[in-house]
Amino acid sequence: MEILKVENPGKVYGTGEARVEALKQVSFSMRTREFGAVVGVSGSGKSTLLNWIGGLDEADEGKVLLKGLP
């Protein structure tokens, strides 16, 4: 059973020269009894992704489904 599905999230911080795009092309899903890890270089969007999955932040685009529900 699929418990988590993340589809094409996108988040933009700042404007102009200070514009930073986080979470480009990071779609994945996890099934019951699977373990995962979020890894990447500093500033790659790890915390942004976890905040989005946990409902603490909203992405500018894409969707996250927990047990099939938004």
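1. How many helices and strands are there in the protein? The protein has 1 helix and 4 strands, where helices (H or I, at least four residues) and strands (E, at least two) are DSSP runs numbered from the N terminus. Read from the N terminus on, their order is β-β-β-α-β.

2. A word on the basis of these values. The model is predicted, so local features need pLDDT of at least 70 and side-chain atom pairs count only at pLDDT 80 or more, while totals for chains, interfaces and linings use all residues. Residues are numbered from 1 along each chain as its sequence is written, and side-chain values use heavy atoms, with hydrogens and water left out.

3. Along the principal axes, the C-alpha atoms fill a box of roughly 45 × 25 × 20 Å. Of the 70 residues, 21% count as buried; buried means under 20% relative accessible area, exposed over 50%, and partly exposed in between (1.4 Å probe, protein chains only).

4. Ala 59 touches Gly 10, Lys 11 and Trp 52, not counting residues up to four places away in sequence; contact means heavy atoms within 4.5 Å.

5. Two residues of helix α1 may be set side by side. Thr 48, in helix α1, counts as buried because its relative accessibility is 13%. The side chain of Thr 48 makes a polar contact with that of Tyr 13 at 3.1 Å; such a contact is a pair of N or O atoms within 3.5 Å, one able to donate a hydrogen and the other to accept it, and residues adjacent in sequence count only if both atoms are side-chain atoms. Beyond four places in sequence, Thr 48 touches Lys 11, Tyr 13 and Leu 23. Leu 50 is also found in helix α1, and is partly exposed because its relative accessible area is 48%. The C-alpha atoms of Leu 50 and Val 39 are separated by 11 Å, and the two residues lie 11 residues apart along the chain.

6. Contacts along the chain complete the note. Among contacts between residues at least 6 apart in sequence, 55% join residues at least 24 apart.
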